[in-house]
Amino acid sequence: MRGKPAALDAFPRASSLDYAARGAGQSLTDADLAEACNQLGPRLQALDISGAFQLSSGALATALRACRVLRRLAADGSTLQDAAFAAALQPGEAHGMGDGGVVAAQGSASDGHGGSMHSGAGLLRMPASLASPPLCRLESLSLRGCLFLRGSLLADLAQGCPALTSLDLAGCCLASNLNPGLAVPLASMRSLERLVLDGNGADDAAMQHIAAVPRLSSSSSSSSSSSSGGSTSGSLAGSSGAADAGLVFLDISGCTGLTDQCWLAIVEMQGLACLRMEHMTHLLQFPSMPEALPGALWRLPRLRSLSLAGSCCHPSKLKLLAAVCGGSVTHLDIGTGGSRFGLGSQWGSPPNSPRSSAGAAPWAAAAGPQAQPAQPPGPAYRRLTSLHERDLCEAAQSFRQLQSFSAAGSSLPLRVVTAFLEAAPAGRLTRVDLQACCLDAEPVTAAAAHSAQPPWQQQLFFSSGARRALTFDAYPAVTGTSASRLQQLHAQADSWQRPATAGRFATALRRQGASLASLRLDGASGVTDRHLASLSALTALTQLSLAGTGGAVSATLLAEAAAGCRRLRDLDISGTAANDACLAVAAAMPRLHQLSAAGCSGLGAGAGVAALAAGPAAATLHWLDLSGTAVGNAAAAELAAGCRQLRGVNLTGCAGLSPAGVESLSHLPRLSCLGLGRCPQAVTDAGLLQLARSCPALTWLQLSEAHQLTAGGLAAALGFLPCLAHLDLTAASNGQLTDEQLASLLAGNAGTGVVTAANVQLPQGGTSPTGSPFKRRSAGAAGP
């Protein structure tokens, strides 16, 4: 079950309970958790309470003791404390479990941390016959961002959770470098296979204990600036445990204290398949890269995934790394860290990695409905000399087995991009991310001048890549190995000296037509229709993003995509010159699942939306973003009548909408995400009430600048939205509704659903006093 169910009795056989799916964890109380565990505890195998800040340690411990078969527990971003595990793993008699099998969770009981439990937590009834220790079957525990942890739970977990295989404590600020004994219990976790300690200051002493874990296959300690490398390398290289032989995934991103001894230790990890060295400019810039790094990568025969995102790797250093490990690497990321798929499973991510909440709109995870993936400042390859381009092109020649390539945000020039595409074997690349790259093509005259050069037999090559033509009466008789070597030198020089034209880029894409599934060109400069001349040949394409490419998008181009890319599911043409004719062409895509055309001012006024609603795509379209377009009431009515499968619609900034258009949208019963921001006159009390009654599954609602909305209308509508998790009321009610009034209104309406002041953007931009656990503590409220 996902979200906060209205009646647990309706799910007697449920074995999984997810309070984080719709943001319900923020309103979860001791009484709610007690009731859930009282009914589902004996069968509950997976529990997610991420975001819960109203739970007390005692009540949580009591609930965990009731879940005797629990295998997966997630409490990311909650106020969970070490005392909850200490109490949960104690023998039952110590907590009133002896005679009646009834555990009280009353508000007057102390939680062991100076705070008291919330009142009305209810009773947990557990059979007295249950003799198995609590959490003895726990296999996966995720506590990312739990800032109230102090680290003592590691000893309790090592003693009471013998089956634990995955532990994620990223961002908990445990400061293991300041607490030498904090990581000691890790060595006794004999079954642990995955460990994430990002941002916890793992130092040499901690790495010694991590190396002693016998079955560890995935370790991540990024942003650990205190590691010096001396004892770390000794522990990893000298340990007889399986950490060296069995380690498959290693993340050392942002570690600033690594030395040559660390790289020598990595040599011993013969099973390493994925290595992340992200945001390590201090290592990969010229000339500071340690000499042992290339040697370490050269001795890793199973290395398949290499991520250098955000490291601004110097061209000469990338060339050196490519020479030692390029032949085996299949997934490469040299961008700035903005790639959407750069950390997916195809990059060798460890199992049980965090995923986004199910049912959320594609734009809901961003800061706003129109937000695009943020690119860190400072593109890596904005200004390159000819020698730098040569180094990058020669590095590309060494990556001969690439399946995924990302250069998002790096401003990589077209010449180098084309070299990477040409180096990969035909029909092998599956994902290419070129966001914000410089794809400006050279003039056709440059290609003509290059083709007029004399043949390689009449050219003298220099190590710098320069050539000089020689005059012979007849070609020299060069045969055997010498001829092969000269031809190889000519091909290498030609790969970076040959002009980078749009036709050459299109030809390189055509070679990958049978395998390329994702192509992202968001914000890439210089993109024209000539770059995409081979789009119809990409028969395996499922995701195409052309956002921000200006005039490159046309109805003719999309018609080619519709004819050749029959598997296309995700199309993004936001911020381009797309018009209604483009929308009509997109309607012919039979498998289209998500369409984004935000900011296309020439779209919506004509018959494009009507064609989309009447085409084959209407039967499969789930997510539609038309924010900032000229969509009006007629277009909204067409969408509601034809696209019955829509789960998410974003019409933010569509000034042509009126209450009649909002009323039309209420005929989409499966709607879970709706954006109506910056439509001052569209949302009224009556319209919102009808929308709430017709679409009870709404979880994400954007109503910023809804000037016609009143407090009474909002209160009436919230009673019909039990699943609502995110509500944006910025500048709503034309200033007539204050933050204090809305907070009071939500407090009185808390029993009708999961909407609380913790996940509502208030009209005046403020936050609720209960919206943050820190504020609750400072205000003297009950401790978590």
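This is a predicted model: local features need pLDDT of at least 70, side-chain atom pairs count only at pLDDT 80 or more; totals for chains, interfaces and linings use all residues.
Student: Let's start with the overview. How many helices and strands are there in the protein?

Tutor: The protein has 25 helices and 27 strands. Of its 784 residues, 54% count as buried. And if you take the contacts with a separation of 6 or more, 79% of them are between residues 24 or more positions apart.

Student: Which residues of helix 1 and helix 2 meet?

Tutor: From helix 1 you have Asp30, Leu33 and Cys37, and they meet Ala59, Leu60, Ala63 and Ala66 in helix 2. By class, this contact of helix 1 with helix 2 has six nonpolar residues, no polar ones and one charged.

Student: Next, helix 11 and helix 12. How do you know that they are roughly parallel to each other?

Tutor: Helix 11 (residues 315–325) and helix 12 (residues 386–398) pack at about 15°, and their axes are 8 Å apart. With the cut-off for roughly parallel at under 35 degrees, helix 11 and helix 12 are therefore roughly parallel to each other. Their crossing is left-handed.

Student: And what does helix 11 meet in helix 12?

Tutor: On the helix 11 side there are Pro315, Ser316, Leu318, Lys319, Ala322 and Ala323, which meet His388, Asp391, Leu392, Glu394, Ala395 and Ser398 in helix 12. Sorted by class, the contact of helix 11 with helix 12 has six nonpolar, three polar and three charged residues.

Student: Then there's helix 13. Why are helix 12 and helix 13 called roughly parallel?

Tutor: Helix 12 and helix 13 pack at an angle of about 15°, with their axes 8 Å apart. That angle falls under the 35 degrees cut-off, so helix 12 and helix 13 are roughly parallel to each other. The crossing of helix 12 and helix 13 is right-handed. Glu389, Leu392, Cys393, Ala396 and Gln397 of helix 12 make the contact with Arg415, Val416, Ala419, Phe420 and Ala423 of helix 13. The residues in this contact of helix 12 with helix 13 divide into seven nonpolar, one polar and two charged.

Student: Phe420 is an aromatic residue, so let's talk rings. How many aromatic pairs does the structure hold?

Tutor: It holds two aromatic pairs. In one, the rings of Phe405 and Phe420 have their centres 4.4 Å apart and their planes at 20°.

Student: What makes that pair of Phe405 and Phe420 stacked?

Tutor: Rings pair if their centres lie within 6.5 Å, and planes under 30 degrees apart count as stacked. The centres of Phe405 and Phe420 are 4.4 Å apart and the planes are at 20°, so this pair is stacked. It also links distant parts of the chain: Phe405 is in strand 14 (residues 404–406) and Phe420 in helix 13 (residues 414–423), 15 residues apart. Together with Phe399, Phe405 and Phe420 form one aromatic cluster.

Student: Are Phe405 and Phe420 buried or exposed?

Tutor: Buried means under 20% relative accessible area. Phe405 has 1%, so Phe405 is buried. Phe420 has 2%, so Phe420 is buried too.

Student: Why does Ser221 count as buried?

Tutor: Its relative accessibility is 7%. The limit is under 20%, so Ser221 counts as buried. Ser221 is in the loop between strand 9 (218–220) and helix 6 (230–238). Leaving out residues up to four places away in sequence, Ser221 touches Leu197, Asp198, Ala202, Met207, Ile210, Asp251 and Cys255.

Student: How do you know that His279 is partly exposed?

Tutor: Partly exposed lies in between buried, under 20%, and exposed, over 50%. His279 has a relative accessible area of 46%, so His279 is partly exposed. You'll find His279 in the loop between strand 11 (274–276) and helix 9 (281–284). His279 also has a positive phi of about 55° although it is not a glycine.

Student: And what makes Glu705 partly exposed?

Tutor: The value for Glu705 is 29%, so Glu705 is partly exposed. Glu705 is in the loop between strand 25 (700–702) and helix 23 (711–718). Its phi is positive, about 60°, although Glu705 is not a glycine.

Note on methods:
Residues are numbered from 1 along each chain as its sequence is written. Side-chain values use heavy atoms; hydrogens and water are left out. Axes are lines fitted to C-alpha atoms, for helices over the stretch in contact, and angles run from 0 to 180 degrees between N-to-C directions. Helices (H or I, at least four residues) and strands (E, at least two) are DSSP runs, numbered from the N terminus. Angles under 35 degrees count as roughly parallel, over 145 as roughly antiparallel, 65 to 115 as roughly perpendicular and the rest as oblique. A crossing is left-handed if the near helix is turned anticlockwise from the far one by less than a right angle, and right-handed if clockwise. Contact means heavy atoms within 4.5 Å. Ala, Val, Leu, Ile, Met, Phe, Trp, Tyr, Cys and Pro count as nonpolar, Asp, Glu, Lys and Arg as charged, and the others, Gly among them, as polar. Buried means under 20% relative accessible area, exposed over 50%, partly exposed in between (1.4 Å probe, protein chains only). Rings of Phe, Tyr and Trp (its six-membered ring) pair if their centres lie within 6.5 Å; planes under 30 degrees apart count as stacked, over 60 as edge-to-face and the rest as tilted.
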